[in-house]
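Trainee: Please take a close look at one part of this structure and walk me through what surrounds that part.

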Amino acid sequence: MTEQATRPVEARAIGSHHDRVDGPEKVTGRAAYAVEHGEADGVIDPLHVWLVQSTVAKGRVTRVDSAASLAHPGVVAVLDHTNAPRLDDTDNGELAILQDDRVGFRGQIVALVLAETPEAAREGAALVAVGYDQEPHEAELRVDNATYRPDQVNPAMETDTDEGDVDAALASADVVVDQDYRTAYEHNNPLEPHATLAWWGQEGDREVLSMFDSTQGVHGVVQALAPMLGLQPEQVRVRAPYVGGGFGSKGEAHSHVMAAALAARTTHGRPVKLAVTRQQMFALTGYRTATISHVRLGAAADGTLVAIEHAVQEQTSVVREFAEQTAAPTRMMYAAPNRRTSHRLARLDVAVPSWMRAPGEMPGMFAHEVAMDELAVACGVDPIVLRERNEPDIDPESGKPFHQRRLVECLHRGADRFGWEDRPPEPRTTADGDWWVGTGVASATYPAMRSPGNAARVLALGKGRYAVSIGAVDIGTGARTVLTQIAADALDVSPAAIDLAIADTRLPAASVAGGSSGTSSWGTAIVAAAQRFRADHGPSPDAGVETTASAADNPAEEEFAFHSFGAVFAEARVNRWTGEVRVPRLLGVYSVGRVINPMTAHSQLVGGLVMGLSAALFETSYRDARFGHVVTQDLATYHVASHADVLDVDAEWLEESDQVFTPAGGRGIGEIGIVGTAAAVANAAFHATGTRVRSIPITAGELLD
Amino acid sequence: MDAQLSLTVDGTVHSLTVDTRTTLLDALRERLGVISPKKGCDHGQCGSCTVLLDGRRHLTCLALAVAYDGAEIVTADGLAADGLHPVQQAFLDQDGYQCGYCTPGQVCSAVGMLDELKEGHPSHVTEDLVGEIEPSEVEVRERMSGNLCRCGAYPGILAAVCEAARG
């Protein structure tokens, strides 16, 4: 395969309105998600798989009695650790299910029931009797047990950083803010529960495992499963034409995907359907750790920072390590000569945490941006002026110049639109009937990333049409539409001349729809393939000629620090008698490079703001440490924002293009909307009431006198 | 135990035998291959499985199929039998969705809800319980709150439903 250095693409389709290419399928429900594929896709007479989960948090399975289950009409088989197919590799403790009798967390998969109908499978699962030799467990995150220092934090960042002399600077600072901030356990809860359809078959002389999976990255599923199953990557095919949201929880294969693969291994080619229930998702499909941030800011009297310290405590699972990079944004956000960050974990006997929208930035910027608001109050400086005063000349973390750091412009634009200049500086000064009214601001940031491992293919179809393919996944972001726009401009044709194929591992490799890197990574591969195609085949190619190429590394990444920035403004109204918080206005202004499709981008940024609002006011997964599981394990008890909670939420962006970062000019938009949003709401609630809340979700009781 | 029943789904009559434990949602999805109603929670908490059942919006996951012999069901797919329904077109115009999973339920809920408004059914936020009810933003938000959207497309959905209400 060819590696191609890309040059900037002239924007014609890029940057302008294009309807979602899959809109009619979605509004009619004709779009088929993972387990909705049927005979038309070769899925005939599937069996249904139901998961049996451990009811203890730690110990050994001593007995699996499946007699009653197998006697139930329709139940075909029960698999447990004694009879499940063996795996070649069990290093991934999350995916290596049913290989031994160990139980590492409550809710772990301990058996699978295969049946002719979902009703029989569910009943069959209830009839499996599992005995345990239970051991004492630890399932509570506390300040005194989060002491383990991981080798690195997600994805591969330093655990700790230390520059200058933070303690000395704090000791001599005019003003010090020294507070603890907490964020709750949160579950991603995409509306489509995780689901996998799997079957084994023969292609020539080799076995092939085929899957429709609800995943953010089809190639990643193959990379995780194939070696464990003793297969070559070509022996696993994963497709994900429609995915009902992910928000990080479908970024990596979780244990149910392996469960489907193992169950299908036993059925002699008959497909199996495994739909995870909403309740099971709370144990099996990832979540965001709770975080405790100890933040110390030292500043001169005018608010100029002299020291920043952010010490994080959070948790991981003994089954598989995941260390959220909560202090990462603190390393690059503001200027200060003395800076220290650290991450310490409690290793608990609990479900495996994973990515949730803006891992690191979301909880970390809640802490940092509420602390900045406290510093503004302590110094008597306007919060926007305080942030301007601490703008760094270069990236404090890498020492490189920023490429397009336009935070201050975002703050000013938002302030103009939000009417910030009329804001009274003192809190608890505005009442409207029974409601205290206030406004707050917070900064947002997210790194721009291009992932390795991408390639694209361009094939001339004749008559000016082109097939463009890459194994990317559209989880609702609009990737199908924006990649069509990018391909059209890269080939200098109309979007209508592009037949785009995605979401299949038989297509050229693509990285995960995560890290706000999808459009940057996949789009740049498409540009590389298109530009190489034109160089090799010219403007009027014969039908049938094709080029597959990947993009060369971007040398500018050595030279510059690439980040997106934003400013979030919130108005909070707090009921003086009940403490209820309403957010009538929420506005984000962003600098994200060129927006490829204004309609889908607006929806994604607004969606991030809504999820941030939801985190600020509602979301918490309550774990009962006595038993080790989340008890708020459905959508009636784990509250996410509903229609009635979301009032005037809007997003806009600065007109710009970052063609130093990508040939199409974008930097990524998937995550920045959730960053800083909860802090803006908390800061607005403080301004309304004079009561500082340092944890999310903000609950009514905390705001009552 | 099995039971026989008849369902009319998007204009097609189906006779089927179901396990009496089967929900209306699973009868549609697993027995009849009707995938427009989605399963988001299976507990009546998210609204993804909403259809129009005998003309009213209904959660099919909280309904046992055997209790609905003879029912007439219209899904979001059926609403588009003769081209997109105005509510569906408004969802496209206002980008009232992202991943699309809650969308068929949102569409059915919106169609049913607009009929309820026309018929004068009051909601929790209706101040005048006897007069005509305006499809105001506060009414639409309140009445659509049984349909969750984790992508956070609520502002677009609100704009779409208001656009459709204006005709």
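**A loop residue and its surroundings**

Mentor: In this predicted model, A:Arg30 sits in the loop between helix H1 (23-28) and strand S2 (47-53) of chain A. Leaving aside residues up to four places away in sequence, A:Arg30 touches A:Glu25, B:Ser36 and B:Asp77. Along the chain, A:Arg30 and A:Ala503 are 473 residues apart, while in space their C-alpha atoms are 17 Å apart.

Now the domains. The domain assignment of chain A gives domain 1 as 2-31 + 451-553 and domain 2 as 400-449 + 560-705. Taken over C-alpha atoms, the centres of domain 1 of chain A and domain 2 of chain A are separated by 32 Å. Where these domains meet, 25 residues of domain 1 of chain A are in contact with 23 residues of domain 2 of chain A. On the side of domain 1 of chain A that touches domain 2 of chain A, helix H11 (479-491) and helix H12 (518-537) of chain A each supply at least two residues. H12(A) gives the most to that side, with five residues. Sorted by class, that side of domain 1 of chain A has seven nonpolar, 16 polar and two charged residues.

Another part of chain A is worth a look. Strand S11 (residues 206-213) and strand S12 (residues 236-239) of chain A run parallel and are joined by four bridges. Opposite A:Phe212 stands A:Arg239 in S12(A). Together with helix H5 (residues 218-228) of chain A, S11(A) and S12(A) make a right-handed β-α-β unit.

Key
Residues numbered from 1 in each chain as written. Chains lettered and ligands numbered in written order. Predicted model: local features only at pLDDT ≥ 70, side-chain atom pairs only at ≥ 80, totals over all residues. Domains from an automatic or database assignment. Contact = placed C-beta atoms within 7 Å. Nonpolar A, V, L, I, M, F, W, Y, C, P; charged D, E, K, R; others polar. Pairing = 2+ DSSP bridges. Right-handed = clockwise from strand over helix to strand, strands pointing away.
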